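Me: I would like to go through this model and ask what stands behind each label. Please set the values against the cut-offs as you go.

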Amino acid sequence: MFSALNSTSSENLEALSKSIYQYKDPESTGETAPIYPDYDAALQEITKLAESERLIFVIDEYPYLAKAEKSISSRLQHIIDHIWQQGKLFVILCGSSMSFMEYQVLGYESPLYGRRTAQFKIQALTYKEIVAFNPELTAEQQSLIYGITGGIPHYINKLNYDFSDKNITLWISVLFFMR
């Protein structure tokens, strides 16, 4: 999985290079990863990796990458149409910017238009789902989790669930404003 950065094209290429390197060598931290000279070289490496096994290539926060590297959608279009279509590669593009994903990735004008096989809109968890995931917590604690996070899984993952401190204002401040 590669999580794009709200940064420059070169910093995203470096992060993608590290992600590929860590996939190839799971014991590595990626700090000594060689940086591919360009996105085409990185995508060729992904193609090579998918020759021998089924590979799922996830780009999280795709809008950041597309903003930083204007040609990435057309590069993906080209490689999907000419190389990956018959291969063992499964590509997943994720993004939290709904308007970008709808218009710039799925829209008629997008180079990637017509190349999706599925699309999912991930919703926030409901209160009942939070209760199901945290049955050991009291109803008050579950309500706090839901009230503080709105059911957003990423925010829930950031919680420490340390309810020993009854000063809720302090707890919320520490969790969200001091990190």
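**Labels and their grounds**

Reply: Trp84 has a relative accessibility of 6%, and the cut-off for buried is under 20%, so Trp84 counts as buried. Bear in mind that this is a predicted model.

Me: What makes Phe57 and Trp84 an aromatic pair, and why is the pair called edge-to-face?

Reply: The structure holds two aromatic pairs, and one of them is formed by Phe57 and Trp84. Their ring centres are 6.3 Å apart, and the limit for a pair is within 6.5 Å. The planes stand at 80°, and over 60 degrees counts as edge-to-face. Therefore both parts of the label hold.

Me: Where do Phe57 and Trp84 lie, and what does the pair tie together?

Reply: Phe57 belongs to strand 2 (residues 55-60), and Trp84 to the loop between helix 4 and strand 3 (89-93). The pair therefore links parts that are 27 residues apart in sequence.

Me: Is Phe57 buried or exposed?

Reply: Phe57 has a relative accessible area of 8%. Buried means under 20%, so Phe57 is buried.

Me: Which residues form the other aromatic pair, and what makes it edge-to-face?

Reply: Tyr127 and Tyr146 form it, with 6.1 Å from centre to centre and 85° between the planes. The distance is within 6.5 Å and the angle is over 60 degrees, so the pair is edge-to-face. Tyr127 is in helix 6 and Tyr146 in helix 7 (residues 139-149), so parts 19 residues apart in sequence are tied together.

Me: Why are Tyr127 and Tyr146 called partly exposed?

Reply: Tyr127 has a relative accessible area of 31%, and Tyr146 has a relative accessibility of 31%.

Me: How do you know whether Gln142 is buried or exposed?

Reply: Gln142 is in helix 7. Its relative accessibility is 5%, against a cut-off of under 20%, so Gln142 counts as buried. Leaving aside neighbours within four places in sequence, Gln142 is in contact with Tyr127, Ile130, Val131, Asn134, Pro135 and Leu137.

Me: What makes Ala132 exposed?

Reply: Ala132 lies in helix 6 (residues 127-133). Its relative accessible area is 59%, and exposed means over 50%, so Ala132 is exposed. Ala132 and Gln142 are ten residues apart in sequence, with 9.8 Å between their C-alpha atoms.

Me: Why is helix 2 described as mostly covered?

Reply: Eight of the eleven residues of helix 2 are buried. These are Tyr39, Ala41, Ala42, Leu43, Glu45, Ile46, Thr47 and Leu49. Their cover includes helix 1 (9-24), strand 2, helix 3 (62-68), helix 4 and strand 3.

Me: How do you know that Ala42 is buried?

Reply: Ala42, found in helix 2, has a relative accessible area of 0%. Buried needs under 20%, so Ala42 is buried. Beyond neighbours within four places in sequence, Ala42 is in contact with Leu13, Leu16, Ile20 and Tyr36. Ala42 and Ile20 are 22 residues apart in sequence and 8.0 Å apart in space, C-alpha to C-alpha.

Me: What describes the packing of helix 2 and helix 4?

Reply: Two packed helices are described by the angle and the distance between their axes. For helix 2 (residues 39-49) and helix 4 (residues 72-82), the angle is about 35° and the axes are 11 Å apart. The crossing is right-handed. Tyr39, Asp40, Leu43 and Thr47 in helix 2 meet Ile72, Arg75, Leu76 and Ile79 in helix 4. By class, this contact has five nonpolar, one polar and two charged residues.

Me: How many helices and strands does the chain have, and what share of its residues is buried?

Reply: The chain has nine helices and three strands. Buried residues make up 33% of its 179 residues.

Conventions
Residues are numbered from 1 along each chain as its sequence is written. This is a predicted model: local features need pLDDT of at least 70, side-chain atom pairs count only at pLDDT 80 or more; totals for chains, interfaces and linings use all residues. Side-chain values use heavy atoms; hydrogens and water are left out. Helices (H or I, at least four residues) and strands (E, at least two) are DSSP runs, numbered from the N terminus. Buried means under 20% relative accessible area, exposed over 50%, partly exposed in between (1.4 Å probe, protein chains only). Axes are lines fitted to C-alpha atoms, for helices over the stretch in contact, and angles run from 0 to 180 degrees between N-to-C directions. A crossing is left-handed if the near helix is turned anticlockwise from the far one by less than a right angle, and right-handed if clockwise. Contact means heavy atoms within 4.5 Å. Ala, Val, Leu, Ile, Met, Phe, Trp, Tyr, Cys and Pro count as nonpolar, Asp, Glu, Lys and Arg as charged, and the others, Gly among them, as polar. Rings of Phe, Tyr and Trp (its six-membered ring) pair if their centres lie within 6.5 Å; planes under 30 degrees apart count as stacked, over 60 as edge-to-face and the rest as tilted.
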